[in-house]
Amino acid sequence: MRELAQELLAGQEAWVVGGAVRDALLGREVVDLDIACAQPEQAARAYAATSGGAPFPLSERHGAWRVALENGRTVDFTPLHGSIEADLFTRDFTINAIAEPLAGGELVDPSGGREDLELRVLRAVTEEAFEADPLRLLRAVRLEDELNFHMAPLTEKLVRRHAALVTSPAGERILGELLRLSAGGYRRLADVGLLQRLGGQVDERLDRSDSADYRLVAVFGANVEQFPISNELQRYTRTLMRARPPANGSARAIHRFRKRTEPWAHDALAFVGALEYASAVELAREADPDEPLLRGDELGLEPGPEIGRLLALVDEERAAGTIRTREDALELVQRELKQ
């Protein structure tokens, strides 16, 4: 990624900044690139034209552009106003306020970011950092969580002081930060007074399943829908919220539970505190037949809800082990129709 940017911006003032420099210094994989330059839009369009990526404005207010690449990585181009030192003083945390010339050379680190990297400390560049962009409140907790750092005392004090601002950013930006938190990250969010203001709470459900979507629903419940979630995440949320524990571990009870909760039955068990049935659910999944015993057009009925009811009955009795063959299923249907 960097080589192409060097070629396109040769002879111009351009700097690699932010997380790319930080991660390189920490020995972490550099996934995305953030470049400060004089003409971000022009640079982004040129980069996209050569790389085959898709350019789009990241922030019309700030003039930043992003190029999304096929491998899921991104290259951001942000405007460089004035000197690089002045630019770095507008950034969020000292560990993100280190710059390296795009062409290579000495690092510029006016806020002591390298020392904070060694100390594993997250320190705001200025006391106005969170007022300038309240999303940084969430980012502070997320970076602590991801990097295993700890906030400097004054930075934590500022987070607590400005906690009321946490609802100010756009919903998609808030959601993006939340989805990157571990269970410990959510606890820290509660500890510094941010989680409650977003409508979430931590309870015993949080640690029962290790997935970002599960943690989000475990913490926010139905309040998840305040965020601009996808249709899939909305279905997942509503499935977990409607779930009730299986009546028992019988094949019939597990079938009924799965019918209401698949493909998220395991997470639903975790959400309702019924993980003792997890092995029964897995066994039932493994035993799922490849083909149904009957199809709707084999019942000889007019199209309508009755066909669905009868097929569901056949599926349940098959799962319960009371029928095994097509003939058994037809006999069951005939008895049901007579009644």
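Residues are numbered from 1 along each chain as its sequence is written. Because the model is predicted, local features need pLDDT of at least 70, side-chain atom pairs count only at pLDDT 80 or more, totals for chains, interfaces and linings use all residues, and side-chain values use heavy atoms, with hydrogens and water left out.

## The sheet

Start with the strands. Helices (H or I, at least four residues) and strands (E, at least two) are DSSP runs, numbered from the N terminus. Two strands pair if DSSP finds at least two bridges between them. Strands of a sheet pair through backbone hydrogen bonds, either parallel or antiparallel.

Here, six strands make an open sheet. Their order is E3-E4-E5-E2-E1-E6, and the pairing is mixed. Which strands stand at the edges? They are E3 (54-59) and E6 (100-101). Each has a single partner strand, so one side of each is left without a neighbour in the sheet.

Look at E3 and its pairing with E4 (residues 64-68). The two are antiparallel, with five bridges. Within this pair, Phe56 stands opposite Arg66 in E4.

## The nonpolar core

A nonpolar core is a set of buried Ala, Val, Leu, Ile, Met, Phe, Trp, Tyr and Cys residues joined through side-chain atoms within 4.5 Å. Buried means under 20% relative accessible area, exposed over 50%, and partly exposed in between (1.4 Å probe, protein chains only).

How many residues does the largest nonpolar core have? It has 78. Among those with the most contacts inside it are Ile35, Phe77, Leu178 and Tyr186. Helix H7 (residues 135-147) gives the most to this core, with seven residues.

Contact means heavy atoms within 4.5 Å. Leaving aside neighbours within four places in sequence, Phe77 is in contact with residues including Leu9, Ile35, Ala43, Tyr47, Trp65 and Val67.

## Salt bridges

A salt bridge is a side-chain nitrogen of Lys or Arg within 4 Å of a carboxyl oxygen of Asp or Glu. The structure holds 38 of them.

| Salt bridge | Closest N and O atoms |
|---|---|
| Arg28 and Asp23 | 3.2 Å |
| Arg238 and Glu225 | 2.9 Å |
| Arg295 and Glu291 | 2.7 Å |

Arg238 and Glu225 form one of these bridges. Arg238 lies in helix H12 (residues 231-242), and Glu225 in the loop between helix H11 (212-220) and H12, so the pair ties together parts that are 13 residues apart in sequence. Arg238 is partly exposed, at 38% relative accessibility. Glu225 is partly exposed too, at 31%.

Is Asp23 buried or exposed? Asp23 is buried, with a relative accessible area of 10%. In the Arg295 pair, Arg295 is partly exposed at 44%, and Glu291 is partly exposed at 48%.

Some bridges join into a network. Asp92, Arg139, Arg142, Glu146, Glu177 and Arg180 are linked in this way.

Most residues other than glycine have a negative phi, and most peptide bonds are trans.

Arg120 has a positive phi of about 60°, although it is not a glycine. Arg120 is in the loop between helix H5 (113-119) and strand E7 (121-122). Its relative accessible area is 35%, so it is partly exposed.

Asn148 also has a positive phi of about 60° without being a glycine. Asn148 sits in the loop between H7 and strand E8 (150-151). At 61% relative accessibility, Asn148 is exposed.

Where is the cis peptide bond? It joins Glu262 and Pro263, with omega about 10°. Pro263 lies in the loop between helix H13 (251-261) and helix H14 (265-272).

## Glu306

Glu306 lies in helix H16 (residues 305-320). Glu306 is partly exposed, at 32% relative accessible area. Not counting residues up to four places away in sequence, Glu306 touches Leu301 and Leu337. Glu306 and Leu337 are 31 residues apart along the chain, and their C-alpha atoms are separated by 9.8 Å.
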